[in-house]
Amino acid sequence: MNQVTSLLIELCGLEDKLKKRLSSQQRAEVSAQAEEILKKIPLPIQGHYGRLRDAGKRPLAEVVNGICKGCFLTIPYGDILRMKDSNDIHICDHCGRYIYVLEIVRPEDLEQEEETPEPPSLEETVRPSKSKKANSKPKKVKSSSKKN
Ligand SMILES: [Zn+2]
């Protein structure tokens with residue numbers, strides 16, 4: 001994972017803590033930690049992060065099962081693969097949050113295809129009607145041909 005992304009995850013976790021009730025001492029400690037992390041984050045990313053936060057959004061979202069947890073919209077599978085491979089920081093196209101993937105779920109795993117190929121019905125071989133007893137099939141058989 002991108003190093004900045006892991007810093008953002010850490011930072012976001014600390015900011016979540018700050019939303020809770022803390023003693024003033026705890027608050028000071030967590031704020032100090034957050035500030036330390038913030039120093040390591042490039043300024044443009046800090047800027048975007050801050051704008052999201054100021055807009056009342058959680059600036060970071062995990063992508064789970066191909067869905068951004070920030071806006072609950074689907075991220076294309078190809079993008080997720082690229083996210084996982086690349087060492088860049090990524091932003092959700094839909095909501096603009098920073099996103100990250102911890103675990104990739106392939107679409108094949110989500111919707112399991114159970115295609116059992118049906119054998120071609122070749123049993124409709126027309127036999128020469130030598131036996132007159134086999135007239136009780138549920139198929140279309142003319143059963144009204146009784147001759148004396
Ligand atoms: Zn999103």
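Met83 is found in helix H4 of this predicted model; helices are DSSP runs of H or I with at least four residues and strands are runs of E with at least two, both numbered from the N terminus. With 20 C-beta neighbours inside 10 Å, Met83 counts as buried. A residue is classed as buried if 20 or more other C-beta atoms lie within 10 Å of its own, as exposed if 12 or fewer do, and as partly exposed in between, the C-beta atoms being placed from the backbone. Leaving aside neighbours within four places in sequence, Met83 is in contact with His90 and Val101, where contact denotes C-beta atoms, placed from the backbone, within 7 Å. Met83 and Met1 are separated by 82 residues in sequence, yet their C-alpha atoms are 8.6 Å apart in space.

Residues are numbered from 1 along each chain as its sequence is written. In this predicted model, local features need pLDDT of at least 70 and side-chain atom pairs count only at pLDDT 80 or more, whereas totals for chains, interfaces and linings use all residues.

The protein comprises five helices and four strands, arranged along the sequence as α-α-α-β-β-α-β-β-α. Of its 148 residues, 12% count as buried. Among contacts between residues at least 6 apart in sequence, 53% join residues at least 24 apart.

The four strands form an open sheet of mixed pairing in the order S2-S1-S4-S3. Strand S2 (67-68) and strand S3 (90-91) stand at the edges, each with a single partner strand, so one side of each is left without a neighbour in the sheet. Two strands are taken to pair if DSSP finds at least two bridges between them. S1 and S2 pair in the antiparallel sense over two bridges; Val63 stands opposite Cys68, and Val64 stands opposite Ile67. Two residues lie between the strands of this hairpin, in which Asn65 takes a positive phi near 50°. S1 and S4, by contrast, run parallel and are joined by three bridges, with Ala61 opposite Ile99 in S4.

Helix H1 lies across S1 and S4, running at about 110° to S4; axes are lines fitted to C-alpha atoms, for helices over the stretch in contact, and angles run from 0 to 180 degrees between N-to-C directions. The largest nonpolar core has 13 residues, and those with the most contacts inside it are Leu8, Tyr49, Leu60, Val63, Ile80, Tyr98 and Ile99. Two or more residues of this core come from each of helix H1 (3-19), H3, strand S1 (60-64), helix H4 (77-85) and strand S4 (98-100), and S1 gives the most, with three residues. Such a core is a set of buried Ala, Val, Leu, Ile, Met, Phe, Trp, Tyr and Cys residues joined through C-beta atoms within 7 Å. Not counting residues up to four places away in sequence, Leu60 touches Leu8, Ile9, Cys12, Arg97 and Tyr98.

At 1.5 Å a residue, the 12 residues of helix H3 (residues 43-54) should span 16 Å, which agrees with the 16 Å between the end C-alpha atoms; the expected span is 1.5 Å times one less than the number of residues. Just after H3, Gly56 takes a positive phi of about 85°.

Key:
Two residues are in contact if their C-beta atoms, placed from the backbone, lie within 7 Å.
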